[in-house]
Amino acid sequence: MTVLENAGTPPRRIIVGVGAGIAAYKVTGVVRQFTKAGDTVRVIPTQASLNFVGQTTWQALSGGPAHTDVFDGDTGVDHVEAARDADLIVIAPATADLIAKIRAGIASDLLTTTVLAATCPVVVVPAMHTAMWENPATQDNIGVLKDRGMHVLDPEVGDLSSGDTGAGRMPEPEAICEFCEAVLAQSSFGGKKDLTGVRAFVTAGGTREPIDPVRFIGNHSSGKQGAAIAQALTERGADVTVFAANIDPGILPSGVTVINTPSAIDMYETVQSVAGEFDLGFFVAAVADFRPAQDWDQKVKKSSENADGWALQLVRNPDILRETASRYPHLLCFGFAAETGDEAQVLEFGKAKARRKGARYIAINQVGKDQGFGTDTNRVSVVDGAGTKVLSVAGTKLQVARALVDLVAVQLVKKN
């Protein structure tokens, strides 16, 4: 969950419905991810699904009851209360039988009655044998659910429990959660594309400063936070360009323009040449402060000249954020500061950087062992250009990204 400091934001209430399929074991990962993010998770398994994952496991993972029958609760109207309170219902694995029941409006247990009473978004994640998935009856049922506004995450093609290979394999927990996050984000602002017409760029990844054709000076940045910000911007309708420094292109959302800028100089020159065309810039990449003064054309080999060591002379790289903010005052610049030290030290370092850079906002995150770089979660404090703290946010990197985009969206919408 996104946590805004002093905002009193309640946790999201998510119902995870579990069907009777072998893929039920994967759903434990879905529950873990939501609970880790701070969401309140209620697991409602079908009775038959308990043959695959037991009730005790669901109760331990969610921290709450895992009833299967309408009359298991104290009031007998648990399905109405659960449906009324939920922000999202995700059903995984959704078997052919369960899909057919939902399509027909059959309410034979706690899960199907809850779905029938629901007014929140419902995500259906089918998983079954290929022949069952491709059967016209199943395809017709899926079509009806989509027409009714339910969100269907189609199964993947892969190895099945039967030993066959084909469509019907349930996606991994990470893919399910990302799909659910997109649905939640859409519903949170009514699907409004309030950043349509906004031109935004994101610098992402970690620059590599070449020493010779096989060596470089680099850092541990994966580009995940920058990719998440690009996704959050596209969800809101922005036209997004990513200046990518050595990241896996597979982590970037579809629909963005990608320009490779592997070194600090590459990124600096590219950003400076086009920044005037944009309205918003997120400077998320970990850019090297220094680069080797010399870049050898051939691999530097061991020799008598460097037998006792090799001293590299480094020169300072240009400050991309500061120079861009100074040169293009119309551009809303949002920088990132990765700092080491304790929480108080990191915040002070970030505040000082904010006052130097001239950006509208700086997101400060504490990095180090098992923190920041390469992880799927993040925690940042945001300060304005004067160094005043305006926001704290923690959660998955996509949740953090959406909170940061929320912060700038208000200003951009007013401006436009």
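Residues are numbered from 1 along each chain as its sequence is written, and side-chain values use heavy atoms, with hydrogens and water left out. Because the model is predicted, local features need pLDDT of at least 70 and side-chain atom pairs count only at pLDDT 80 or more, while totals for chains, interfaces and linings use all residues.

**Pockets**

Rolling a probe the size of a water molecule over the atoms shows where empty space is left. Here a pocket is an open set of points on a 1 Å grid over the protein atoms alone, where a 1.4 Å probe fits, with protein on both sides within 12 Å along at least five of seven lines; lining residues have an atom within 4 Å of a point. Points are joined across faces, edges and corners, and the volume is the space filled by probe spheres set on them.

| Pocket | Volume | Lining |
|---|---|---|
| Largest | about 940 Å³ | 39 residues |

Nearest the centre of the largest pocket lie Ala285, Ala286, Val287, Asp289 and Lys353. Elements giving two or more residues to its lining include β8 (199–205), α9 (224–235) and α12 (343–357). Helices (H or I, at least four residues) and strands (E, at least two) are DSSP runs, numbered from the N terminus. The lining holds 15 nonpolar, 15 polar and nine charged residues. Ala, Val, Leu, Ile, Met, Phe, Trp, Tyr, Cys and Pro count as nonpolar, Asp, Glu, Lys and Arg as charged, and the others, Gly among them, as polar.

**Cores**

A nonpolar core is a set of buried Ala, Val, Leu, Ile, Met, Phe, Trp, Tyr and Cys residues joined through side-chain atoms within 4.5 Å. The largest has 39 residues, and Ile229, Leu233, Phe282, Phe334 and Leu404 have the most contacts inside it. Its largest share, nine residues, comes from α13. A second, separate core of 27 residues includes Val16, Val30, Val41 and Val183.

Leaving out residues up to four places away in sequence, Ile229 touches Val202, Phe282, Val284, Phe336, Ala401, Leu404 and Val405. Contact means heavy atoms within 4.5 Å.

**Valine 152**

Val152 sits in strand β5 (residues 151–152). Val152 counts as buried because its relative accessible area is 11%; the cut-offs are under 20% for buried, over 50% for exposed and partly exposed in between (1.4 Å probe, protein chains only). Beyond neighbours within four places in sequence, Val152 contacts Val124, Pro126, Ile142, Lys146 and Phe179. Val152 and Val202 are 50 residues apart in sequence and 30 Å apart in space, C-alpha to C-alpha.
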